[in-house]
Amino acid sequence: FQRIINYCELHILDPALAIEIKEILRELYLDPKTRGKAEGLNSKKILYALQNFSIANTKTKIQKPKEYFKKCVLSAADQTELSLQYDTDTIYEIGGL
């Protein structure tokens, strides 16, 4: 579990946020159904999950933030490096941000 935390580089985040994310990662790691995905996480995937969470939280009020963020993390775990590549100019053009 400590290796996952090191790969996720939570120390770069706000301390309160890092504590919450660490707890979520611990829950994912301890659950046999999600442990494999948790073991593949890194800082890039955590930041991707945070970005997706932030976008959704801006558009609508998330009723269960912890559960929703878990889904964002699991979704990010499935992403390939190619799926994490975006062009910010295009995002602005289509009104994504």
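Predicted model: local features only at pLDDT ≥ 70, side-chain atom pairs only at ≥ 80, totals over all residues.
The largest nonpolar core comprises 25 residues. Within this core, the residues with the most contacts are Leu-10, Ile-21, Leu-25, Leu-41, Ile-46, Phe-69 and Val-73. Two or more residues are contributed by each of the helices α1 (2-8), α2 (15-30), α4 (43-59) and α5 (65-78). In soluble globular proteins, nonpolar side chains tend to be buried together. When neighbours within four places in sequence are set aside, Ile-21 contacts Leu-10 and Leu-13, together with Ile-46, Leu-50 and Phe-69.

The crossing of α4 past α5 is right-handed. On the α4 side, the contact involves Lys-45, Ile-46, Tyr-48, Ala-49, Leu-50, Asn-52, Phe-53 and Ala-56; on the α5 side, Pro-65, Tyr-68, Phe-69, Cys-72, Val-73, Ala-76 and Ala-77 take part. By residue class, the contact of α4 with α5 holds 13 nonpolar residues, 1 polar and 1 charged. Ile-46 and Phe-69, which belong to this contact, are also among the core residues with the most contacts.

Glu-9 lies in the loop between α1 and α2. Its phi is near 50°, a positive value in a residue other than glycine. Glu-9 has a relative accessible area of 33% and is therefore classed as partly exposed.

Methods
Residues numbered from 1 in each chain as written. Heavy atoms only, no water. Core = buried A, V, L, I, M, F, W, Y, C linked by side-chain atoms within 4.5 Å. Buried < 20%, exposed > 50% of the residue type's maximum accessible area, 1.4 Å probe, protein only. Helix = DSSP H or I, 4+ residues; strand = E, 2+ residues; numbered from the N terminus. Contact = heavy atoms within 4.5 Å. Left-handed = near helix turned anticlockwise from the far one by under 90°. Nonpolar A, V, L, I, M, F, W, Y, C, P; charged D, E, K, R; others polar.
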